[in-house]
Amino acid sequence: MNASDYVTATRTSYDAIAKTYTDWVSAELTAKPHDRAVLGAFAELVLASGHPETLDLGSGPGRITAFLTGLGLDATGLDLSPEMIAAARSLYSDLEFTTGSMTCLPYPASSFSGLVAWYSIIHIPDDDLDQVFAEAARVLRAGGYFQLAFQLGDSVDHFSDLAGFDVDLDFHRRSLDDVLERLRPHGFTPVTQLEREPDAAGRFPESTRQGYLLVRRDSDDRLGEDHY
């Protein structure tokens with residue numbers, strides 16, 4: 001699948017499941033204390049910088065954007081799916097949401113002090129991951145924080161059906177080390193790496209281990225140095 005094919009497939013798939021997904025995921029954070037703790041620590045670090053502007057990459061129906069706003073951040077959401085953005089705007093009319101791609105962000109350089117990619121790099125193939133991280137580094141201020149969450153593993157799982165809807169989605173499972181090594185050349189250094197076992201109980205059961213990776217963008221005078 002080439003770049004334009006996977007982008008179209010991902011957008012079309014999430015447009016199709018937008019309403020069902022929005023209803024299903026709305027209460028997810030209330031059931032995930034580890035998620036709330038990770039996002040809370042991230043918010044504290046960004047607020048301590050004195051610049052609360054934060055971008056939620058792959059925001060879907062906006063639940064993470066709204067949660068971060070509730071923690072005091074000036075959070076904006078971006079998603080590839082117009083239907084997901086429509087759902088977010090309907091639920092959180094006081095917040096800003098934009099349709100766009102993580103590979104070409106519609107923001108000037110150094111616009112944000114915080115970035116979140118909450119289970120949104122999972123649909124990005126390896127060939128495009130460097131472009132996503134290059135764009136993240138471009139829009140993030142020096143010293144800013146980038147929080148990622150994703151399923152751990154070393155496979156690509158394809159789904160053609162989700163909740164009874166026809167979809168065409170690849171789910172890329174990666175290790176913390178693999179993602180960190182892809183981030184380093186773009187001027188990111190690790191702050192926190194966490195792994196947890198799958199939560200098999202409740203409304204939101206998981207089949208894979210989960211990873212949380214917090215990195216910080218180097219100051220401008222360090223960019224270009226050897227990060228290995």
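Q: How much accessible surface does the chain have, and what share belongs to carbon and sulfur atoms?

A: Accessible areas come from the Shrake-Rupley method with a 1.4 Å probe; for residues, only the protein chains shown count as cover. Here the total is about 10,300 Å². Carbon and sulfur atoms hold 51% of that. A word on the source: this is a predicted model, where local features need pLDDT of at least 70, side-chain atom pairs count only at pLDDT 80 or more, and totals for chains, interfaces and linings use all residues. Residues are numbered from 1 along each chain as its sequence is written, and side-chain values use heavy atoms, with hydrogens and water left out.

Q: What radius of gyration does the chain have?

A: This radius is taken over C-alpha atoms, and the globule rule is 2.2 Å times the number of residues to the power 0.38. For 228 residues, a compact globule would come near 17 Å; the chain has 17 Å, so the two agree. The C-alpha trace spans about 50 × 35 × 35 Å along its principal axes.

Q: Which secondary structure elements does the chain have?

A: Helices (H or I, at least four residues) and strands (E, at least two) are DSSP runs, numbered from the N terminus. This chain has six helices and nine strands.

Q: Is V215 buried or exposed?

A: Buried means under 20% relative accessible area, exposed over 50%, and partly exposed in between (1.4 Å probe, protein chains only). V215 has 0% relative accessibility, so V215 is buried. V215 sits in strand β9, residues 210–217. Over the chain, 49% of the 228 residues count as buried.

Q: What about R11: which residues does it touch, beyond four places in sequence?

A: Contact means heavy atoms within 4.5 Å. R11 touches L80, S81 and P82. R11 belongs to helix α1 and is partly exposed, at 29%.

Q: How much space lies in the largest pocket?

A: Rolling a probe the size of a water molecule over the atoms shows where empty space is left. On a 1 Å grid over the protein atoms alone, a pocket is an open set of points where a 1.4 Å probe fits, with protein on both sides within 12 Å along at least five of seven lines; lining residues have an atom within 4 Å of a point. Here the largest pocket holds about 1,100 Å³. Its lining has 47 residues, with Y14, Y21, I122, H123 and F171 nearest the centre.

Q: Which element gives the most to that lining?

A: Helix α1 does, with nine residues.

Definitions and conventions
Grid points are joined across faces, edges and corners, and a volume is the space filled by probe spheres set on the points.
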